[in-house]
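Please read the points below with the model in view.

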Amino acid sequence: MAAAKATVFIDNERVVVTEYRFAVGENTGWHRHARDYVVVPLMDGRVKLVTKDGESFAEMKKGVPYFRTEGVEHDVVNANDGEYAFIEIELK
């Protein structure tokens, strides 16, 4: 799979703010979150979450954020028919 485009907008002593933009089928690559984080979808859509326990899908709603604690391990894949994007805010 091809990698999603990651653009870091802010990286300071308190937060890292990154936009992830995915073409159809692109993914973040397997990773472990070392910090608590918030994701803010930039559009409605669906992502596939690949974990050590298997695959699942999450419905994302534009502008509706969600929070996760550090330690999450997964790969995130665009499961839409077009481009998908979200903002990730990592708390330091």
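1. G82 lies in the loop that connects strand 8 (73–78) with strand 9; strands are DSSP runs of E with at least two residues, numbered from the N terminus. At 29% relative accessibility, G82 is classed as partly exposed, a class that lies between buried (under 20% relative accessible area) and exposed (over 50%), computed with a 1.4 Å probe on protein chains only. Leaving aside residues up to four places away in sequence, G82 touches F22 and V24, where contact means heavy atoms within 4.5 Å. The C-alpha atoms of G82 and L49 are 17 Å apart, and these residues are separated by 33 residues along the chain.

2. The model is predicted: local features need pLDDT of at least 70, side-chain atom pairs count only at pLDDT 80 or more, and totals for chains, interfaces and linings use all residues. Residues are numbered from 1 along each chain as its sequence is written, and side-chain values use heavy atoms, with hydrogens and water left out.

3. Five strands form an open sheet in the order 1-2-9-4-7, with antiparallel pairing; two strands pair if DSSP finds at least two bridges between them. Strand 1 (5–11) and strand 7 (66–68) are at the edges with a single partner strand each, so one side of each has no neighbour in the sheet. On average, neighbouring strands of this sheet are turned by 20 degrees against each other, direction ignored; the axes are lines fitted to C-alpha atoms, and angles run from 0 to 180 degrees between N-to-C directions.

4. Strand 1 and strand 2 form a hairpin with three residues between them, and six bridges join these antiparallel strands. Within this pairing, T7 stands opposite E19 of strand 2. Strand 2 (residues 15–22) is mostly covered, with seven of its eight residues buried.

5. Which strands pair with strand 9 in the antiparallel sense? Strand 4 (residues 37–41) is joined to strand 9 (residues 84–91) by five bridges, and V38 has I89 as its bridge partner in strand 9.

Definitions and conventions
Helix = DSSP H or I, 4+ residues; strand = E, 2+ residues; numbered from the N terminus.
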